[in-house]
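Subject: Structure for your review

Dear colleague,

Please find the structure below, together with its sequence.

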Amino acid sequence: MSQPLLEVNRLKKHFPIKGGFLQRAVGHVHAVDGVSFHLDPGETIGLVGESGCGKSTTGRLILRLIKPTSGEIRFNGQQISRLDRRRMKAVRRDMQLIFQDPFASLNPRLTVGGIVAEAFKIHGVASGAEIEDRTADLLKRVGLHTEHLRRYPHEFSGGQRQRIGIARALALNPKLIIADEPVSALDVSIQAQVINLLQDLKGEFQLSYIIIAHDLSVVEYMSDRVAVMYLGKIVEMAPGAALYSHPRHPYTEALLSAIPIPNPRLEKKRRILQGDVPSPINPPPGCRFHTRCSYRRSDCERFEPELIDIGGGHHAACPVRAGGSFLEEASAASA
């Protein structure tokens with residue numbers, strides 16, 4: 001069995017809330033609170049959940065754009081959680097980010113050629129005419145043309161700008177790309193083109209992806225495994241087909257029930273969650289989902305469930321973990 005490309009163990013990020021005259025910490029936002037998973041070479045993991053669940057923060061922690069409060073990140077066998085800035089620079093050649101907003105993520109003062117070539121200059125991997133040749137080749141790979149090299153970002157559409165961002169991420173031939181909502185800011189007609197481009201590049205460059213998204217249909221199409229996050233924790237993780245056909249956590253079932261059916265003659269029953277997401281400043285005890293779960297038991301409020309292996313690579317953090325649907329089991333127990 002090959003070594004995982006990425007291993008995340010008990011990763012946490014608590015942002016301090018400061019107040020008072022001396023600006024001391026009076027509380028913490030539990031943005032990421034004990035996330036663990038691994039990513040194999042060539043694999044794509046989808047990270048989904050409501051806004052504020054911690055999925056984007058998890059991506060930035062992995063890239064060390066922000067410093068973790070605690071936990072361990074191992075990339076390609078190397079512990080990177082506590083690397084200093086100089087040593088982390090070398091690691092970042094193999095880890096790149098595709099931003100959500102193709103408008104704000106590109107420097108308006110640089111040409112497209114300058115934006116893509118910046119990585120070559122910073123890491124000293126090319127110089128002179130070689131930079132322009134490699135930049136032109138990258139633009140061709142993502143569906144743009146060499147004449148675009150001397151144009152500025154404002155001269156392109158949203159889909160073209162995202163292609164520029166993808167070319168920039170590919171410049172150093174990375175092993176891992178974290179794509180944070182890569183198509184959410186694009187027109188629906190363009191989204192499929194960008195998704196298919198990412199899929200083609202995955203095979204061509206032997207990439208591994210972490211796809212952070214709200215759109216569950218996009219995640220289903222692109223991911224080998226899917227992790228569902230709620231209030232800073234992963235509550236379910238499984239191969240894509242298994243999770244979408246047999247979800248084992250009430251929150252996952254509610255998310256999947258919100259996916260629209262592209263047939264006006266079919267009616268889909270929605271599972272409407274009650275109440276709002278609890279505050280990450282003071283998360284509820286026990287299972288963090290119990291305040292919104294109509295199938296909760298008394299022990300859900302007292303014990304915090306861990307991810308439990310229920311077979312076939314399927315893991316779920318739910319106290320109602322007998323065979324079949326968790327919701328059916330919980331309903332039978334409360335009857």
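In the counts of residue classes below, Ala, Val, Leu, Ile, Met, Phe, Trp, Tyr, Cys and Pro are taken as nonpolar, Asp, Glu, Lys and Arg as charged, and the others, Gly among them, as polar. Please bear in mind that this is a predicted model.

The largest pocket holds about 470 Å³ of space. It is lined by 15 residues, of which R92, Q96, L97, F99 and R168 lie closest to the centre. Two or more lining residues come from each of strand 6 (95-98), helix 3 (112-123) and helix 5 (158-170). Helix 3 provides the largest share, with five residues. By class, the lining of the largest pocket has 10 nonpolar, two polar and three charged residues.

Strands and sheets

The protein contains 10 helices and 12 strands. Four of the strands make an open sheet in the order 2-1-4-5, and their pairing is antiparallel. Strand 2 and strand 5 (78-79) are the edge strands, each pairing on one side only. Within this sheet, strand 1 (residues 6-19) is joined to strand 2 by 12 bridges in the antiparallel sense. One point to find on the model is H14, which stands opposite H30 in strand 2.

Strand 6 pairs with strand 7 (residues 176-180) in the parallel sense, over four bridges. The bridge partner of L97 in strand 7 is I178.

Cysteines

How many disulfides does a search of the whole structure find? The search finds zero. C287 is in no disulfide, and the nearest cysteine sulfur, that of C300, is 5.9 Å away. A disulfide requires two cysteine sulfur atoms within 2.5 Å. For C293, the closest cysteine sulfur is in C318 at 6.7 Å, which is too far for a bond.

Are C287 and C293 buried or exposed? C287 counts as buried because its relative accessibility is 9%, and C293 is also buried, with a relative accessible area of 8%.

Overall dimensions

Taken along the principal axes, the C-alpha atoms fill a box of roughly 75 × 60 × 45 Å. A compact globule of 335 residues would have a radius of gyration near 20 Å, and the 22 Å of this protein agrees with that value. Of the 335 residues, 49% count as buried.

A colleague

Definitions and conventions:
Residues are numbered from 1 along each chain as its sequence is written. This is a predicted model: local features need pLDDT of at least 70, side-chain atom pairs count only at pLDDT 80 or more; totals for chains, interfaces and linings use all residues. Side-chain values use heavy atoms; hydrogens and water are left out. Buried means under 20% relative accessible area, exposed over 50%, partly exposed in between (1.4 Å probe, protein chains only). On a 1 Å grid over the protein atoms alone, a cavity is a set of points where a 1.4 Å probe fits but cannot get out, and a pocket is an open set with protein on both sides within 12 Å along at least five of seven lines; lining residues have an atom within 4 Å of a point. Grid points are joined across faces, edges and corners, and a volume is the space filled by probe spheres set on the points. Two strands pair if DSSP finds at least two bridges between them. The radius of gyration is taken over C-alpha atoms; the globule rule is 2.2 Å times the number of residues to the power 0.38.
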